[in-house]
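Visitor: I would like to go through this model and ask what each label rests on.
Guide: Then let us look at it and take the labels one by one.

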Amino acid sequence: AALLSLEPTDRAWLHERIADRFDAMLSAGLIAEVQALRARGDLAADLPSMRCVGYRQTWEALDGAWPITELRERGIAATRQLAKRQMTWLRSMPGRRVIAAEAPDAIAQVLRQVAALA
């Protein structure tokens, strides 16, 4: 069995994508979503569902751990740390076929690799 890995090979590209994604989460109402989840009364900051990147930082800011104005930077930093751990995990897999995520034809490359396996 072949292992395909769609990985960012350009760190600047990855960091830009992470920032864009976190900005999209904020624009889509991340703070209001976490406020609503907190208001339910049956969730706590230590639950796995509330510990994921973005939710954790928002919950902490709403708790007053630090100013809400720091949420964007803290969320982006936490996402970068998660991406780094994921990349370390992927690199531990021998024999994987790496496809650069930022390549303009990345999807086509993946499809060609999958078709070749069939």
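Visitor: What does the side chain of T79 reach?
Guide: The side chain of T79 reaches the backbone oxygen of G75, at 2.7 Å. Bear in mind that this is a predicted model.

Visitor: What makes that a polar contact?
Guide: A polar contact needs a pair of N or O atoms within 3.5 Å. The distance from T79 to the oxygen of G75 is 2.7 Å, so the pair is within the cut-off.

Visitor: Where is T79 found, and which residues does T79 touch beyond four places away in sequence?
Guide: T79 is found in helix α4, residues 71–91. Not counting residues up to four places away, T79 touches I18, F22 and V53.

Visitor: How many salt bridges does the structure hold?
Guide: The structure holds 7 salt bridges. One of them joins R40 and D42, with the closest N and O atoms 2.8 Å apart.

Visitor: Why is the pair R40 and D42 called a salt bridge?
Guide: The cut-off is 4 Å between a side-chain nitrogen of Lys or Arg and a carboxyl oxygen of Asp or Glu. R40 and D42 have their closest N and O atoms at 2.8 Å, so the pair qualifies.

Visitor: What about R112 and D105?
Guide: R112 and D105 have their closest N and O atoms 3.6 Å apart. The limit is 4 Å, so this pair is also a salt bridge. D105, at 34% relative accessibility, counts as partly exposed.

Visitor: Which residues are linked in a network of salt bridges?
Guide: D23, R72 and E73 are linked in such a network. Within it, the side chains of E73 and R72 meet at 2.7 Å, N to O. R72 counts as partly exposed, at 32% relative accessibility.

Visitor: Why is S5 called buried?
Guide: Buried means under 20% relative accessible area. S5 has 4%, so S5 is buried. S5 lies in strand β1, and its side chain makes a polar contact with the side chain of E7 at 2.5 Å. Leaving aside neighbours within four places in sequence, S5 is in contact with L90, R96, R97, V98 and I99.

Visitor: Which face of strand β1 is covered, and which is uncovered?
Guide: In β1, residues 4–7, the covered face holds S5 and E7, and the uncovered face holds L4 and L6.

Visitor: How do you know that β1 and β2 pair?
Guide: Pairing requires at least two bridges between the strands. β1 and β2, residues 97–100, have 4 bridges, in the parallel sense, so the strands count as paired. L4 stands opposite R97 in β2.

Visitor: What is the pattern of the protein chain along the sequence?
Guide: The pattern is β-α-α-α-α-β-α, from 5 helices and 2 strands.

Visitor: How does the radius of gyration of the protein chain stand against that of a compact globule?
Guide: A compact globule of 118 residues would have a value near 13 Å, but the protein chain has 18 Å. The C-alpha trace spans about 50 × 30 × 25 Å along its principal axes. Buried residues make up 26% of the 118 residues.

Technical notes:
Residues are numbered from 1 along each chain as its sequence is written. This is a predicted model: local features need pLDDT of at least 70, side-chain atom pairs count only at pLDDT 80 or more; totals for chains, interfaces and linings use all residues. Side-chain values use heavy atoms; hydrogens and water are left out. A polar contact is a pair of N or O atoms within 3.5 Å; within protein, one must be able to donate a hydrogen and the other to accept it, and residues adjacent in sequence count only if both atoms are side-chain atoms. Contact means heavy atoms within 4.5 Å. Buried means under 20% relative accessible area, exposed over 50%, partly exposed in between (1.4 Å probe, protein chains only). The radius of gyration is taken over C-alpha atoms; the globule rule is 2.2 Å times the number of residues to the power 0.38.
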